[in-house]
Amino acid sequence: MTQEIWQRKRWRHGRPKTDPAVIRGFIIGVRANRAELCELQNKAKEMNMPLGRFLRLAALARALPRCPAPELNRKAYQELAHMGSNLNQMTKAANQGRVNLSPQFFMQLRALLDEVRLALLGVAPNDSEAE
């Protein structure tokens, strides 16, 4: 009977099991040169954190950069840029009186062209104003 009590006490002591969703069981290797390592260590030290925790928090807290535009969108973007150049030439001709089109037509067309170019790059029209 004393052995049963001892076994029950043994199970009561010690750390309780951790939720498996919380356990960090995966190791990610990251290569860095000596200067990069020193800079990362200094930044972690400034934040009073171990390097691993600093890297994890820094990576998860930041927004990822935009994905590069697909090649098809780049080609379409280049073609639209050429069309924009032609539009500028037409605008110049209209301003010189060689073409009879309203200025509002050109302004609307230019705005639409800029909107399409930004859409091909995956940039919202409001994003371009902030940059």
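Visitor: How many Å should the residues of α2 span, and how far apart are its end C-alpha atoms?
Guide: At 1.5 Å a residue, the 13 residues of α2 should span 18 Å, and the end C-alpha atoms are 18 Å apart, which agrees. The expected span is 1.5 Å times one less than the number of residues. Helices are DSSP runs of H or I with at least four residues, numbered from the N terminus. This is a predicted model, in which local features need pLDDT of at least 70 and side-chain atom pairs count only at pLDDT 80 or more, while totals for chains, interfaces and linings use all residues. Residues are numbered from 1 along each chain as its sequence is written, and side-chain values use heavy atoms, with hydrogens and water left out.

Visitor: Which residue caps the N-terminal end of α2?
Guide: Asn33 does, with a side-chain oxygen 3.2 Å from the backbone nitrogen of Ala35.

Visitor: And what comes just after α2?
Guide: There Asn48 takes a positive phi of about 60°.

Visitor: Which residue forms a salt bridge with Glu39?
Guide: Lys43 does, the closest N and O atoms being 3.6 Å apart. A salt bridge is a side-chain nitrogen of Lys or Arg within 4 Å of a carboxyl oxygen of Asp or Glu. Both residues lie in α2, four residues apart, about one turn of the helix.

Visitor: How many salt bridges are there by this rule?
Guide: The count comes to two.

Visitor: Which residues make the contact of α2 with α3?
Guide: Among them are Leu37 and Lys43 of α2 and Phe54 of α3; contact means heavy atoms within 4.5 Å.

Conventions: Helix = DSSP H or I, 4+ residues; strand = E, 2+ residues; numbered from the N terminus. Polar contact = N/O pair within 3.5 Å; in protein donor to acceptor, adjacent residues only side chain to side chain.
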